[in-house]
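Student: I am new to this structure. Please take one part and look at it closely with me.

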Amino acid sequence: QMDRLWRQTLGLTPQAFYEQRRLQLACSLLEAPDHTIKEVSSETGFRHFSRFCIWFRQKMGCSPGFFRQQARREH
């Protein structure tokens, strides 16, 4: 029942919404120069840095380090 209402309201499953928010947070933290990539990994709930890197690459199509470099070039 709750999942159905969630999907009707937001257009996403609770899991998809959580993943979207987690990815937004990771991207925001990677754009900030005061966080290391390992800190971003931890702050987004990953216990293992390597797992964060794999997840991020699957979601964004690039490594967290490459994403950070691109973000710095754009600013």
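This is a predicted model: local features need pLDDT of at least 70, side-chain atom pairs count only at pLDDT 80 or more; totals for chains, interfaces and linings use all residues.

**The aromatic cluster and its surroundings**

Tutor: Phe-46, Phe-52, Trp-55, Phe-56 and Phe-67 form one aromatic cluster.

Begin with the rings. The structure holds six aromatic pairs. One of them joins Phe-46 and Phe-52. Their ring centres are 5.4 Å apart, and the planes make an angle of 65°. Planes over 60 degrees apart count as edge-to-face, so this pair is edge-to-face. Phe-46 and Phe-52 are both buried.

Phe-46 also pairs with Trp-55. Here the centres are 5.1 Å apart and the planes stand at 45°, so the pair is tilted. Phe-46 and Trp-55 are both buried.

Phe-46 has a charged neighbour too. The charged end of Arg-22 sits over the ring of Phe-46. The distance from the ring centre is 3.9 Å.

Now set the cluster in the chain. The protein chain has five helices and zero strands. From the N terminus on, its elements run α-α-α-α-α. The C-alpha trace spans about 45 × 30 × 20 Å along its principal axes. Of the 75 residues in the protein chain, 29% are buried. Consider also the contacts between residues at least 6 apart in sequence: 42% of them join residues at least 24 apart.

Two helices deserve a look here. Helix H2 covers residues 14-31, and helix H4 covers residues 49-60. Two packed helices are described by the angle between their axes and the distance between the axes. The axes of H2 and H4 come within 11 Å and cross at roughly 105°. H2 and H4 are therefore roughly perpendicular to each other.

Which residues meet between H2 and H4? On the H2 side they are Glu-19, Arg-22, Leu-23, Ala-26, Cys-27 and Leu-30. On the H4 side they are Phe-52, Trp-55, Phe-56, Lys-59 and Met-60. These contact residues divide into eight nonpolar, no polar and three charged. Some names return from the rings. Phe-52, Trp-55 and Phe-56 belong to the aromatic cluster, and the contact of H2 with H4 includes them. Arg-22 is in that contact as well, and its charged end sits over Phe-46.

Next comes Phe-67, another member of the cluster. Phe-67 is found in helix H5, which covers residues 64-74. Is Phe-67 buried or exposed? Its relative accessibility is 13%, so Phe-67 counts as buried. Leaving aside residues up to four places away in sequence, Phe-67 touches Cys-27, Leu-30, Glu-31, Phe-56, Met-60 and Cys-62. Among them, Cys-27 and Leu-30 take part on the H2 side of the contact with H4. Phe-56 and Met-60 take part on the H4 side. Phe-67 and Val-40 are 27 residues apart along the chain, and their C-alpha atoms are separated by 13 Å.

Stay in H5 for Ala-71. At 8% relative accessibility, Ala-71 counts as buried. Ala-71 and Ala-32 are 39 residues apart along the chain. Their C-alpha atoms are separated by 9.2 Å.

His-35 lies in the loop between H2 and helix H3, residues 37-43. His-35 has a relative accessible area of 17% and is buried. Not counting residues up to four places away in sequence, His-35 touches Leu-29, Val-40, Glu-43 and Arg-68. Glu-39 lies in H3. Glu-39 and Leu-29 are ten residues apart along the chain, with their C-alpha atoms separated by 8.9 Å.

Terms used
Residues are numbered from 1 along each chain as its sequence is written. Side-chain values use heavy atoms; hydrogens and water are left out. Rings of Phe, Tyr and Trp (its six-membered ring) pair if their centres lie within 6.5 Å; planes under 30 degrees apart count as stacked, over 60 as edge-to-face and the rest as tilted. Buried means under 20% relative accessible area, exposed over 50%, partly exposed in between (1.4 Å probe, protein chains only). A charge sits over a ring if NZ of Lys or CZ of Arg is within 6 Å of the ring centre and within 35 degrees of the ring normal. Axes are lines fitted to C-alpha atoms, for helices over the stretch in contact, and angles run from 0 to 180 degrees between N-to-C directions. Helices (H or I, at least four residues) and strands (E, at least two) are DSSP runs, numbered from the N terminus. Angles under 35 degrees count as roughly parallel, over 145 as roughly antiparallel, 65 to 115 as roughly perpendicular and the rest as oblique. Contact means heavy atoms within 4.5 Å. Ala, Val, Leu, Ile, Met, Phe, Trp, Tyr, Cys and Pro count as nonpolar, Asp, Glu, Lys and Arg as charged, and the others, Gly among them, as polar.
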